[in-house]
Every structure is written in structure tokens, then in C-alpha cells.
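Dear colleague,

Please find the structure below, together with its sequence. My notes on what was found in it follow directly after.

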Amino acid sequence: MIYFNCDYMAGAHPEVLEALCDTNLIKSVGYGFDSFTSEARAVILKACGLEEGEVFFLQGGTQTNKTVIDRLLSRNDGVVCCESGHINVHEAGAIEADGHKVMALAGNNGKLDASALERYMEDFYRDETNEHMVRPAMVYISHPTEYGTLYIRNELEAIRDVCRKYSMPLYVDGARLAYGLAAEVTDVSLRDIAEIADVFYIGGTKCGALFGEAVVTRHAHLLPRFMSVMKLHGALLAKGRLLGVQFLALFKDDLYLRIGLHADRLAMKLKEGMRERGYRIFIDSPTNQQFFILPNSLIDKLSESVGFELWGPRGENESIVRFVTDWSTTEEDIISLLGLCSYPS
């Protein structure tokens, strides 16, 4: 079998695993108060171009989203996102379980549109009964999106401007941030994200770490007593140094970017190969997630030796599928997959 199901099927990138092994017998204090984690915070802030700010380490994406959103919102507040946003479709009601309504707006290729957000906010505050309604009090977006698409800087700035107008923090889910930063077509850097977003996280689980996400904010006042809230959500890791060590490795010698470049390059090779064979692209993603519309007969054939995902319900004759590359994907994997995809008649 060759696997394209997701970008966290393999363990850690060898350089991350080596760092964990090299530090394994070193004893340190817990809960992220160790020297490795302190150094990782400093390295991340520097990479983000921030002289001041906070960095917190959690273990997984859903855990991170629910913990950050719960801290940013009051109990009767909701979070606005694109209808395809991860918190709306693939987090099993984790946000709602904390008492916060997810307020989903129609998107464009997985992206939230600033003008649609502006209209939504205007309508809310024009409604004289809004005191009886859940208040939209923050905005969630992901970069890359669920469809692997990217915001350009102007789009991010436009969303930020609407957020500022209505005093709402902008939160960016960066579960796959490495693949967005490495994309050939992007004009958004890590420093841009740090400048525009009020809070964001740098994904590790899907980008070469065994597990781990790094929450970053330049506005410490937005996340008061955040470690206590992490504890409340079961997100405070006793062996916190395991997170610090991994992010130190990811930010050493540009490993984080190298991982993104490798996965994106092979994803583009896959896309071009499928395009040459005449298969339709469902959405033109410039990152490591690639979506195609394939005949069900081919899907059934591929399923015998290739791991991938149906994207939504199976169609009558053809269906949307997703293939995902990562640091462990090889040239041979792509060649083998394309070899199994005969030209449609």
C-alpha cells in the first residue's frame, strides 16, 4: 500500500525524532517550564518577527481550537467562520460543547470573504433584537483552508479590518501552515500571519512533528491565565518539554519550511500528472492537499493498493477524492500512483 490519506500517518520527521532521542534522558521540570520550551518560545517569536508576545504549546488541532476559542469568547458569544471551516464540519461539535455557537457563512473555495463578513456584522447590529441573539465575537479562518487553498495578504488584511471595526479578534488555524508558507504562489509569510492575526497557531502534528501545535499571539491580554484554561481543557501536558524539543527541531535549519516545500512539490507533480491524464481537478489547490473527480471504477481499483479519502458522499458514477502529501511522501509514491491511473477512455 501507498498512503495519501492524510499528512500525519507517519511518525515524526527523522530530524525531530533525533532531537527527541538526543534529549530523552535529560531530566527537566514539567508543564512547559523547562529550558527547551523556553528556547522554543523565543525561537518562534523571533521567526514571527515579534519582540513581545506569548507562545503556548498544545497537543492537537481540535484541542487547540476549542481551548483558544473558549478563552477568547464570553459564554454567550459565538465564532464566525466559513461554512467549510474545520470547526464547523470536522470537530464533532467541540466548540458548541463549550457553549459557543459556530456561525458559518458561505465561502469561496474554502475561504471566508471580507465583504460577506461585513454584511453579516452589519445585519446583526441593525437587528434591534440582537440582545436576544448569540453575538458574533471572533472570526476563525484556516490557512491553508480545508480545500488546500490560500488567502493572499490583501484578503487577510480585509478580514482583519472588518474584525477591528467590530472589535473581534481574528484567529488563524495553521494546522497545515508549513504547506501554505511553502507554496509557490503565496505572498503570505509567517511574519505576515503574526502581524495580521490576533492569535494563530503553527501546526506541528500535520507538519513533521509526532504531535503538537504552537499557539502564538502578540496580544498577551487576549489569553489571560491561558495555562489554567489549558488545564481545564486537559491540554496541559505534564511532559511539556516533548513539545518544546519538537518545535526547536522544526525551526532549526528551516526544517519547517523544507517539509512544506517537499510536500508541495510532490503534490504539484501529482496534480500535473492527473491533469495530463485527463482527470478533472475539483479545486485548484497550491498546497499538499489535492482534490480530483474520479470515476468510481478507478476509485475502486485504486482502493486495493492506495490509501486516500472520499471527499463527501460517493456519487452515482464519479466521486471527489483527496490525496495528501507530507514529509514522508516519496517520488516513487507519486510515480506509482500515477502509474495506476490509466488514461480515461
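**Salt bridges and their surroundings**

Glu331 is partly exposed, with 26% of relative accessible area. Its salt-bridge partner is Lys269, and the closest N and O atoms of the two are 2.7 Å apart. Lys269 is likewise partly exposed, at a relative accessible area of 34%. This pair joins distant parts of the chain, since Glu331 belongs to helix H14 (residues 331-340) and Lys269 to helix H12 (residues 255-276), 62 residues apart. Please bear in mind throughout that the model is a predicted one.

In total, the structure holds 18 salt bridges. Another of them brings together the side chains of Arg176 and Asp7, at 2.6 Å from N to O. Here too distant parts of the chain are linked: Arg176 sits in the loop between E6 and helix H8 (177-181), and Asp7 in the loop between strand E1 (2-3) and helix H1 (14-22), the two being 169 residues apart. Are these two residues buried or exposed? Arg176 has 8% relative accessibility and therefore counts as buried; Asp7, with a relative accessible area of 2%, is buried as well.

A further salt bridge is formed by Asp161 and Arg160, with 3.4 Å between the closest N and O atoms. Asp161 is partly exposed at 41% relative accessible area, whereas Arg160 is buried at 14%. There is also a network: Arg153, Glu157, Asp192 and Glu195 are joined by salt bridges that share partners.

**The sheet and the helices on it**

An open sheet of mixed pairing is formed by 7 strands, in the order E2-E8-E7-E6-E5-E3-E4. Its edge strands, each pairing on one side only, are E2 (54-58) and E4 (102-105). On average, neighbouring strands are turned by 25° against each other, direction ignored.

Within this sheet, E7 (residues 199-203) and E8 (residues 213-217) pair in the antiparallel sense over 5 bridges. In that pairing, Phe200 stands opposite Val216 in E8.

Which strands does helix H3 touch? Helix H3 (residues 61-72) packs on the sheet and touches E2, E3 (77-82), E5 (135-142), E6 (170-173), E7 and E8. The direction of H3 makes about 175° with that of E6. Helix H7 (residues 153-165) also packs on the sheet, touching E5 and E6, and its direction makes about 165° with that of E5.

**Aromatic contacts**

The structure holds 13 aromatic pairs. One of these is the stacked pair of Phe251 and Tyr256, with 5.6 Å from centre to centre and 10° between the planes. Phe251 and Tyr256 are both buried.

The pair of Phe291 and Trp311 is edge-to-face, because the ring planes stand at 70°, with the centres 5.1 Å apart. Phe291 lies in strand E10 (residues 289-295) and Trp311 in the loop between strand E12 (309-310) and strand E13 (318-324), so the pair ties together parts that are 20 residues apart in sequence. Phe291 counts as buried at 0% relative accessibility, and so does Trp311 at 15%.

Elsewhere, Phe4, Phe292, Phe308 and Phe323 form one aromatic cluster. Finally, Lys111 lies over the face of Tyr151, at 5.8 Å from the ring centre.

With kind regards

Key:
Residues numbered from 1 in each chain as written. Predicted model: local features only at pLDDT ≥ 70, side-chain atom pairs only at ≥ 80, totals over all residues. Heavy atoms only, no water. Pairing = 2+ DSSP bridges. Helix = DSSP H or I, 4+ residues; strand = E, 2+ residues; numbered from the N terminus. Axes fitted to C-alpha atoms, helices over the stretch in contact; angles between N-to-C directions. Contact = heavy atoms within 4.5 Å. Salt bridge = Lys/Arg side-chain N within 4 Å of Asp/Glu carboxyl O. Buried < 20%, exposed > 50% of the residue type's maximum accessible area, 1.4 Å probe, protein only. Phe/Tyr/Trp six-rings, centres within 6.5 Å; stacked < 30°, edge-to-face > 60°. Lys NZ or Arg CZ within 6 Å of the ring centre and 35° of its normal.
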